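The sequence and the model come first, and the notes after them are grouped by topic.

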Amino acid sequence: VQLQASGGGLVQAGGSLRLSCAASGRTLSRHAMGWFRQAPGKERDIVARISSAGATIDYADSVKGRFIISRDNAKNTMYLQMNSLKPEDAAVYYCAAIRGWSTKANEYEYWGQGTQVTVSS
């Protein structure tokens, strides 16, 4: 399985970006998926996760009310709509997939290559 993350870029504070994560090689319709982010010198932390059918969603407290995770299993793609971006949201964003349900990065099986999000103040 290969995950390809895209959609990062430079945006002003208060702006929006939409990240995409496209899976290839096999369907991930039975996998939960998540978005993580990692800023320089910091650990890779979960931002949001979504169950295999999309029925269950969790967000980190820091992004609740601003970010929306979704997935389209027919397209084998997951999304992260990021609104009201803040400078502290700047990081490399990674998508990942897991057969179970976890917030721990080391438990995820498949990873995308990361996409940089930069937020100017």
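Predicted model: local features only at pLDDT ≥ 70, side-chain atom pairs only at ≥ 80, totals over all residues.

In the classes used here, Ala, Val, Leu, Ile, Met, Phe, Trp, Tyr, Cys and Pro count as nonpolar, Asp, Glu, Lys and Arg count as charged, and the others, Gly among them, count as polar.

**The largest pocket**

- The largest pocket has a volume of about 160 Å³, and its lining is made up of Arg 37, Gln 38, Ala 39, Lys 42, Glu 43, Asp 45, Glu 88, Ala 90 and Ala 91.
- Sorted by class, that lining holds five charged residues, three nonpolar residues and one polar residue.

**Arg 37, a lining residue**

- Arg 37, which is one of the residues lining the largest pocket, belongs to strand β4, a strand that covers residues 32-38.
- The relative accessible area of Arg 37 is 15%, and because buried means under 20%, Arg 37 counts as buried.
- A polar contact of 2.9 Å links the side chain of Arg 37 to the side chain of Tyr 93, and Tyr 93 in turn stands opposite Thr 115 in β11.

**The open sheet and its edge strand β1**

- An open sheet is formed by four strands, in the order β1-β3-β8-β7, with antiparallel pairing.
- The edges of this sheet are taken by β1 (2-6) and β7 (67-72), each of which has a single partner strand, so that one side of each is left without a neighbour in the sheet.
- From one strand to the next, the twist averages 15 degrees.
- Strand β1 is joined by five bridges to β3 (residues 17-24), and the two run antiparallel; along them, Gln 4 stands opposite Ala 22, while Ala 5 stands opposite Cys 21.

**Strand β11 and its partners**

- Strand β2 (residues 9-12) pairs with β11 in the parallel sense over four bridges, and Gln 12 has Ser 120 of β11 as its bridge partner.
- Strand β9 (residues 91-98) runs antiparallel to β11, and three bridges join the two.

Definitions and conventions. Residues numbered from 1 in each chain as written. Heavy atoms only, no water. Pairing = 2+ DSSP bridges. Axes fitted to C-alpha atoms, helices over the stretch in contact; angles between N-to-C directions. 1 Å grid on protein atoms, 1.4 Å probe; cavity = no way out; pocket = protein on both sides within 12 Å on 5 of 7 lines; lining within 4 Å. Points joined across faces, edges and corners; volume = space filled by probe spheres on them. Buried < 20%, exposed > 50% of the residue type's maximum accessible area, 1.4 Å probe, protein only. Polar contact = N/O pair within 3.5 Å; in protein donor to acceptor, adjacent residues only side chain to side chain.
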